[in-house]
Amino acid sequence: MNTSHFFVTGDPMIYGADVSIALATVAIIVSLTRLKRWGWLWREWLTTVDHKKIGIMYLLAALLMLFRGGVDAILMRIQLAVPNSHFLASDHYNEIFTTHGTIMILFMAMPFMFALFNIVVPLQIGARDVAYPLLNAISFWLFFIGAMLFNISFVIGGSASSGWLSYPPLSEPTFSPGPGQNFWIWGVQISGIGSLATGINFAVTILKMRTPSMRLRDMPLFTWSVLAASIAILGAFPILTGTLFMLTVDRLLDGHFFTMTNGGNPMMYVNLIWMWGHPEVYIVVLPAFGVFSEIVATFSRKRTFGYNSMVYSMIAIAVVSYYTWVHHFFTMGAGIDVNITFAICTMIIAIPTGVKVFNWLFTMYRGRIEISEPLLWFLAFVPTFAIGGATGVMLAAAPADYQYHNSYFLIAHFHQVLIGGVVFGYLAGMYYWFPKIFGFELNYTLGKWGFWLWQIGFYVCFMPQYALGFMGMTRRVYIYNQTEGWDMGWAPLNLISSIGAFIMGIAFVIQVWQILYSIQHGKRDVTGDPWDGRTLEWSIPSPAPLYNFAIIPEVKGRDSWWYKKQEMQQEGYKQETPQYEPIHMPKNSGIAFIMSCFFFIVGFGFTFEWYWMGFAGLIGVALTLYARSFQYDTDYYIPVDEIERTEKALRKHSPAIQKTSMEETLGR
């Protein structure tokens with residue numbers, strides 16, 4: 001491949017990105033060197049297999065990608081704010097909407113989800129770690145390397161411009177001849193392998209690593225949602241891997257899986273990518289449902305209404321999600337029978353979702369509700385997701401979809417459910433478990449400012465887009481003329497929508513300031529249970545110690561910690577003296593990080609069709625696996641005296657404060 005255009009040139013924004021990347025890199029290197037933190041970085045983060053630290057890294061990556069994808073969105077909205085705008089060149093606009101969608105789904109929503117998986121699930125089920133700690137680290141670093149490989153394409157080689165799902169023939173060599181499309185393939189492929197490994201890891205962790213006294217019907221609903229999502233990942237992501245492999249063969253080996261010649265068919269790709277893509281939408285929203293289940297029960301001071309129906313509805317969503325993908329292309333011409341079948345399935349999947357919403361509302365009914373920042377996000381979710389669900393049923397009606405298809409009505413619906421369900425859900429989860437992760441609460445006043453600006457900006461941005469869809473504005477429009485802008489009414493609504501996007505951007509900036517401010521001024525959580533929670537993660541100090549639980553907890557049904565606290569308040573209750581035993585833990589390992597670096601070499605080499613580099617990277621991956629197979633000293637035991645010192649230091653203030661908190665609760 002020609003390397004004369006290795007670096008992207010000619011666009012001032014790209015030069016700005018080059019300068020920003022260079023300055024950030026220099027700042028990081030100088031800071032680590034001056035503070036003498038290189039060893040700390042390697043020991044504590046790059047080689048860690050601690051699920052809590054891996055969760056924190058996922059969280060930081062998700063927030064970074066939310067910023068990155070949000071900047072793309074604002075750039076698109078600037079371009080569309082007025083008629084005949086030339087803020088962006090057409091090719092640059094196509095690249096931006098391609099990367100925006102890919103980043104928000106695969107590099108923002110997925111790591112946000114995995115952050116909560118890692119931070120919460122082992123603590124909720126009374127486990128000291130996940131089933132496969134090293135595989136967990138490999139999963140994160142594959143995601144991170146995939147994300148970096150994808151993002152550097154804007155300044156090296158050029159970005160993909162064929163849409164966030166890269167439909168053929170646009171993604172075939174004839175129409176996307178440069179390295180940009182290869183960057184998309186390898187970034188998504190490497191990241192997807194990490195996601196599949198995470199699904200395997202957490203399915204096994206939940207089924208095999210629970211505290212012995214916790215039955216499946218005793219598990220918190222968030223853990224159930226993670227299990228449902230993990231099972232869905234096991235079915236969906238192998239489809240993505242195979243589909244991208246076939247597209248790679250088309251591009252690099254002159255194959256014809258998806259071409260119009262030699263027996264290929266581009267619609268086969270569209271079917272395959274949505275066989276992964278629509279379950280993926282439910283994969284990212286199911287854990288958000290679990291987050292809301294925990295928040296509603298905690299701040300209503302009640303057990304979740306309809307626990308069994310909540311579990312069955314999550315499993316039903318995970319299963320039925322595999323029978324809805326054709327509603328993305330009713331216009332394909334597959335026939336009446338096919339369209340009717342998938343239309344009915346798409347409508348059916350709204351039923352278990354509705355069950356969950358009503359159960360949450362019934363949980364709040366006659367509860368002792370405490371308005372908190374996590375609960376605010378749930379209250380915002382209900383109307384937002386209801387509108388998204390209603391418009392989804394409209395799109396599920398095949399005859400009507402012929403009118404809505406590829407219009408801005410679809411854009412509005414998609415963002416309604418993904419922002420209203422996924423982003424609101426994971427932000428709620430971040431605020432809810434933030435004290436458990438970091439040991440301090442976030443400033444509530446700044447949080448309310450961020451919350452309300454998010455709500456205002458969201459509705460100002462996306463409500464006009466429904467009307468634009470009815471007016472005939474199609475998705476992927478780069479520019480529109482004066483006639484379309486003013487005579488057809490597109491311009492005012494596009495301007496309003498762009499203003500809403502900026503308001504959401506301001507809300508995000510406030511949230512970042514909220515976190516930075518709270519690091520210095522946030523209320524410290526010395527109880528381990530600032531919300532008076534119901535599940536096991538609130539029974540241990542904040543932040544949780546390395547081993548999570550000094551003694552494996554005993555569970556006596558659902559909401560075990562809530563009822564344990566009630567038992568502790570009974571007259572005559574005596575706290576048993578803990579009998580500690582050495583705790584078995586995995587050792588840190590650099591294998592995961594080193595392997596991911598070789599995967600980067602693989603992706604970078606094959607992206608530019610430098611096969612020597614790609615195969616060298618594969619050899620490096622094989623060598624790391626070989627080296628790991630001969631590592632026998634992979635674990636250790638934490639001695640009893642160290643456990644006693646740690647527990648004494650962590651729980652110095654906890655008992656009295658926990659007792660006061662419980663007395664106040666019971667007195668309400």
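The model is predicted, so local features need pLDDT of at least 70 and side-chain atom pairs count only at pLDDT 80 or more, while totals for chains, interfaces and linings use all residues. Residues are numbered from 1 along each chain as its sequence is written, and side-chain values use heavy atoms, with hydrogens and water left out.

Helices here are DSSP runs (H or I, at least four residues), numbered from the N terminus. H4 covers residues 90–124, and its end C-alpha atoms sit 49 Å apart, in agreement with the 51 Å its 35 residues should span at 1.5 Å a residue (the expected span being 1.5 Å times one less than the number of residues). There is still a kink of about 40° centred on Ile103, a bend being the angle between axes fitted to the seven residues ending at a residue and the seven starting there. Of the 35 residues in H4, 32 are buried (under 20% relative accessible area; exposed is over 50%, partly exposed in between, with a 1.4 Å probe and protein chains only). Gly126, with a positive phi near 75°, follows H4.

H14 (residues 408–438) bends too, by about 45° at Tyr432, with Pro435 following within four residues. Burial takes in 29 of its 31 residues, and Gly439 comes after H14 with a positive phi near 85°.

As for helix pairs, H5 (residues 133–151) packs on H6 (residues 180–208) at about 160°, with the axes 8 Å apart; axes are lines fitted to C-alpha atoms over the stretch in contact, and angles run from 0 to 180 degrees between N-to-C directions. That makes H5 and H6 roughly antiparallel (an angle over 145 degrees). Residues in contact (heavy atoms within 4.5 Å) include Leu142 and Phe143 of H5 and Trp186 and Ile190 of H6. H6 also packs with H19 (residues 591–607), at about 155° and with axes 9 Å apart, so H6 is roughly antiparallel to H19 as well. On the H6 side, Asn182, Phe183, Trp186 and Ile190 make this contact, with Phe599 and Val602 among the H19 residues.

The Pro168–Pro169 peptide bond is cis, with omega near 5°, and Pro169 is in the loop between H5 and H6. The bond from Ser542 to Pro543 is also cis, with omega near -15°. Asn84 has a positive phi near 55° despite not being glycine, and is partly exposed at 34% relative accessible area. Asp254, likewise a non-glycine residue, has phi near 60° and is exposed at 59%.

Methods
Helix = DSSP H or I, 4+ residues; strand = E, 2+ residues; numbered from the N terminus. Parallel < 35°, antiparallel > 145°, perpendicular 65-115°, else oblique.
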